[in-house]
Structures are given as structure tokens and as C-alpha cells.
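Hi,

Here is the structure I promised to pass on. Have a look at it first, and then read my notes below.

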Amino acid sequence: MQTAPRMTPGRRAYVEVPADPQQTRNRILQAIAVAFIVAYPFLDLLFGWQALLAFIPMMLMITLALGLNIVVGYAGLLDLGYAAFYAIGAYAAAFFTSPNSPLARVLPGSPFAWMQDFWVAMIMAVLVSGFAGALLGAPTLRLRGDYLALVTLGFGEIVPRLIKNLEPWTKGVKGMNPIGRPYLFGCQFGVDPCEILGMKLKLGMIPYYYLTLVIGAISIFAIIRLRNSRLGRAWAAIRDDEIAAQGMGINPVTTKLWAFSLGASFSGATGAIFGAYLQTISPDQFEYSTSVIVLCMVILGGTGNIWGVMLGGLLIQSFDRIFAERLTGWIHKAGALTGDPTITAAFNSFDLLKSRLLVFGLCLVLIMNLRPQGILPNRKRRETALTDLPEEDLVPEESVLIAGADVPTEKPR
Amino acid sequence: MTASNDSSDVVLDVTGLTKRFGGLIAVDSVDFQVRRRQIVSLIGPNGAGKTTFFNMVAGQYEPSAGRVIFNGKALHGLRPHQITARGIGRTFQNIRLFTNETLLENVLVGMHSRLKSGPFASLLRLPSQRREENEAREKGMALLHLVRLDRYANEAAGNLPYGMQRRLEMARALASEPQLLLLDEPTAGMNPQETVNMIALIRRVRDAFGVAVLLIEHDMQVVMGLSERVTVLNYGQKIAEGTPLDVQRNDNVIEAYLGRRHKRPEDEAADGGTH
């Protein structure tokens, strides 16, 4: 029989928050994952996996999914146009750093020349995206569910359309290039050879990998802190029951605006890095399909659980960028091994890259049917019922009342 | 309980409160007062306008006419979250917990209007934010202990059985440090033993926190055993008010609950004999 901790005068034993046993298990898994990810570029070189170039956009997409998870997973606001903020971030960075942007005619030589620096542009991209998020959030505040999703869908369509048509500023469908590269210790990212402290190094794209990793890590860190804060709890409350949330003193308007704005700001940094990495951005990279893929990553892994979102992102992106191609190669090889020309031809006609959307769609249908809450759900439902305390312990005794009175009940002014 | 007539003793003062839904008058110019530390019940048959009345006090509905004065200040035009911040806490008729969140998180959400940390303080984990969070958690655990749910602090609220969910809702409402607690059918669906415990809990919450309690209730055992004053609504109108005993004897109330006896002359004669 479990007994509730008793109140004894002068001791406040009851205030201890019990530890979550799941946390320890998660910590170990996290440590292994982190070690692998940090060492990856060297493992890649060592074993000749040649997947580094696939890993960088993959991690960028996962960071995007983490940002979207704030809006969809935490605050429960279905956003079908998230790629718009990604585009706004990428274009904001390009605006400041690209020699083709209208700003490039004004900035050099002016007192604002420092704005052409990639790092400054990245911070600007975060701010601009965050502002755009609040801007989109404002007209959607009175809307719920389906209606909200439609407005975000509209926003997601408007932004690429604007980019295409505002040619003097955005270079239209041709896109903007080149884009300013980040640099550190006098070394430009992605330009070889790279000189650090007199040493000439051939780093290839490795600096981009670590930049993406650092931004991803900062995002995870920030998101966990936000989730466990007053604002994060307010998001969850709004998502679970808006009426009850209002009854608990939560302002739904500001809470939702913060979700849109903070969610969008994560895509700003991601967009800036994405542009610098590819050295070119064009409106077709930010179409509806991008929003949908990112949303799928969130839902597949487990809406609201950042580890689930990362897992979902990893599965979708690694299939898309690595395994579809490799698996196809293996199947073709297996066909050739049989030596039979008809079988070889049949196997060769099999191309996962071409049918990747088919495979992807099938997987979604399967997972949503088998595990509608995602692979790693946010919070597990219990199998066994919780039992109440025995009757005699339920009656609040006097000591509890003193404990209750301990809770300050000052009158608000 | 000292019942003084001093107006500063009145925590909730409602005059002429009316709510019309199209042609239907759900609440019809109701005058109503709750004094500090008083337990008041609002009763009436189904559809009498009790919950509508609650929703107007809590700011969920805008009154069609009349005014609500809380602690000497009008609540007119305030949004529900602002009213909670002023000091009115509530529970809901059909329990509305945040089912995916833990018990502790539910109580912490209840404290929302008493906490201050913004997103940037939380991102940087400023010392002020950390202190505030620790204090909030301590307070949250104390409240969970009060309703005897502290050992499930990390369990998702949706996993709790019904009676325990009602207790959690109570703790969550108390977390906003209310001066007036609105309880919408706190014992609905409870078995007799749970009901007895809930009555004890409500009374003790009042004693410990000094809150005024306004409850809607159908269970007459709760109403008569707990309340110091009872107000009866029928078809949106206040038909009786007074101590539980007064109300029980009131003809209007008996009629509202049991219906009018249509008497024929011969019955009247027979009645004379039986009484």
C-alpha cells in the first residue's frame, strides 16, 4: 500500500517532484545518437559512405520539422504553409548577402556594409521569419482547425507566387545566386583549400555539416526550454482545450502568436544556411510539397514529441536522399546476379527513386493506420487503471490544511 | 462565518444579469450576491440557466444586460483569461482537463496568470525564471497533495479515473489563487463515498484558502449539507433565495421541481381532511 507523504511541521517533504524513469533511458539513447552524429563526417570519410552531402539538407529539414512542431505539435495549430517561412528566411539572407540583390547596390561602402556578413544576415533572417510568422498569425487567430489550415495553405501559396512575380527584387523564377558564404577563422565554408592558422585544409562541405548541426542543437535546446516553460504549458493547454485554457488565465491570442512567430523563426536560420549551402535559391524549392513533407515528418514521428519528430524526419529524409538510390542499386545488382536476361530486365525496371512518392505515400497510409499517434507518441496512454488512495487517507486531515494555507493566497491588486 | 451587511464583504455582486439567445431568455435579470468565505449554491431544474449564469460571470458569454461586480470592480468586457487573473477560478461541468499533460503540468497551467516569465527569460533560464518555476512546482505539489493526487504528479491527466479527475480540476482551479471559486456540478457522476469526500474537500478548501465558493449542484445532499445560502433559478428567473432550510420549504421551489398540483374542487375538500 502506498501512503501519501505526511506533513510534519517544519518539513516540506511533499514538495519533491518524483523523477520520471523514462528520462534516464532516453538520456542513454540520446548520448549514443549525439556521439554518432558529431563523429559522422569522419566516419563517412573512413568508411567511404559518401552520404555527407545528403546529411546536410537532411538535418536542415529536420530542424525545419522541429520548428513546425512548435506550431502543430505544441500549440495544435495545423500549418500547411510552413515552407513560406523557410522561403522568407532564405530570401532574407540572400537579400543581404547576394551580389545580385538590390541591396548589394546600396550596402557596400555604406555604414551598413556589415549587414552583408552572413552571420548578420542569418540573424536578420531569423527576425524577419519570426515577424512574418506573427504577421500570418494575426489574421488566423479567430479561426480554428480546418479554417486555419486553409489560411496557412493560402499563405504558403502566396509567398512563392510573390517571389516569382517580384522580379526586380527576387530575380523571379531564375532565383538568386550566388549567396554569401559563412566563414569562420578567415575560412570560407565550402571553398577549398581553406587556410586556418597557416594550415591549408581541404574540408569540403564539412563546415556546413557542423554549422547545420550547431543550429539544430541550438533549436533542440531552445525548444525543450520553451516546452517546459510557462509559454510551453500554455501552448499545450490551448491545444488540448482552448476554453479551459482561457479559464486558467491564458490569453489565447498572444499564446498563438508566439507559437507562429517562434516556430517561423527556426525556419529563418535554416533557410539562410540552406541558401548558402546550395548557393542558389529559387521559388520552386519552397512550394507546397515542401510544406507537406515537413508536416509528414512531424506527424509520422509523433506530433508534439521532438524525439519523434526527429525520428520521423530521419526516416523520411534518409529514404528520400540515401536509401531510395542505394536500394535501387542493390536491386539492380541482385537482378544481374541471376544471369537471366528477363529477370535482370525486370529488376532493372524497378526504380525506387522514381516511385519514391508512391513508397512514401504507402508508408504514411500504413503508419497512420497502425499507429495514428506517430512512431514515438507524445505521451503514452496507460494500460492499467490508476487506483485511488484508500478511503481513510482521502479525507483531508488538519495537517493538510496547514499545508494548504501555506500556499500563498495573496489578493491580486 | 460572520454575516455582516458591510458592502466590502461582498465579493461578487450581480445585478439584473440577463442573457438572451435569440428569442430565448436563458437568464432573466438575476440579482445575486456572494460574500467572502461564503459557500453558495445555485440550483434549479435542467435548463434553468445555471451554467449560462456561470459562463457570464466567468466571461465566457457576454451578458445581454446587467452587470457583474467582482471585488468592487465591474467585469464588463473582460475576456475569460482576464477574469481569471482578477481572481475567479472555475471548474467545468463536463471535466475539461488537459488530458495529455501531467497532473503537475495541469496545476501549473492553472497558475498561468500568477507567473510572469516570458519566452526569452525561459530560453535563457534567467535566475528569476528558475526561481519562479521552482516555487510554482513546490506550490503545485502542495496543491496536488491537498487533493491527494501528489503520487501521480507525472501521470497524464487523461489516465485518471473520473472522481480523481474532478479533484484535479479543483486543484487546478485553486492554483490561480482565486477569491471566488466557481464549481459546476463538482460531484456529478460520483458515488456516495466520493461525494462525501468532495463535500469535505470543498468545505476545507474554503476554510484553508478563505475563498468564496459558488457551486451549481443537483445533488440535494451536497446542496443542503454544504451551502450557507441557496439560490434557485427556474426558466432563467430567480424564484427563491435563502438558507437551505428556507429554500426547501419554499412553495415556488417545490413547484419548480415537482410541478403544480392541479386541484379539482373535490380534491381540495379531501386535502382539508388529510392535512
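First, a term you'll need: a crossing of two helices is left-handed if the near helix is turned anticlockwise from the far one by less than a right angle, and right-handed if clockwise. Helices (H or I, at least four residues) and strands (E, at least two) are DSSP runs, numbered from the N terminus.

Some housekeeping: this is a predicted model, where local features need pLDDT of at least 70 and side-chain atom pairs count only at pLDDT 80 or more, while totals for chains, interfaces and linings use all residues. Residues are numbered from 1 along each chain as its sequence is written, chains are lettered from A and ligands numbered from 1 in the order in which they are written, and side-chain values use heavy atoms, with hydrogens and water left out.

Now the helix pair. Helix 5 (residues 127-146) of chain B passes helix 6 (residues 162-175) of chain B in a right-handed crossing. Where do they touch? On helix 5 of chain B it's Leu143(B), Leu144(B) and Leu146(B), and on helix 6 of chain B it's Leu168(B), Ala171(B), Leu174(B) and Ala175(B) (contact means heavy atoms within 4.5 Å).

On to the chains. Chain A has 17 helices and four strands, and chain B has 11 helices and 10 strands. In chain A, 47% of the 413 residues count as buried; in chain B, buried residues make up 56% of 275. Buried means under 20% relative accessible area, exposed over 50%, and partly exposed in between (1.4 Å probe, protein chains only).

What about the inside? The largest nonpolar core has 88 residues, and those with the most contacts inside it are Tyr209(A), Trp235(A), Ile281(A) and Phe286(A). Such a core is a set of buried Ala, Val, Leu, Ile, Met, Phe, Trp, Tyr and Cys residues joined through side-chain atoms within 4.5 Å. Helix 2 (residues 52-74) of chain A gives the most to this core, with 17 residues.

Most residues other than glycine have a negative phi, and most peptide bonds are trans. Yet a cis peptide bond joins Asn177(A) and Pro178(A), with omega about -10 degrees. Arg37(B) has a positive phi, near 60 degrees, and is partly exposed at 38% relative accessibility. Tyr235(B) also has a positive phi, near 45 degrees; this residue is exposed, with a relative accessible area of 69%.

Cheers

Technical notes
Axes are lines fitted to C-alpha atoms, for helices over the stretch in contact, and angles run from 0 to 180 degrees between N-to-C directions.
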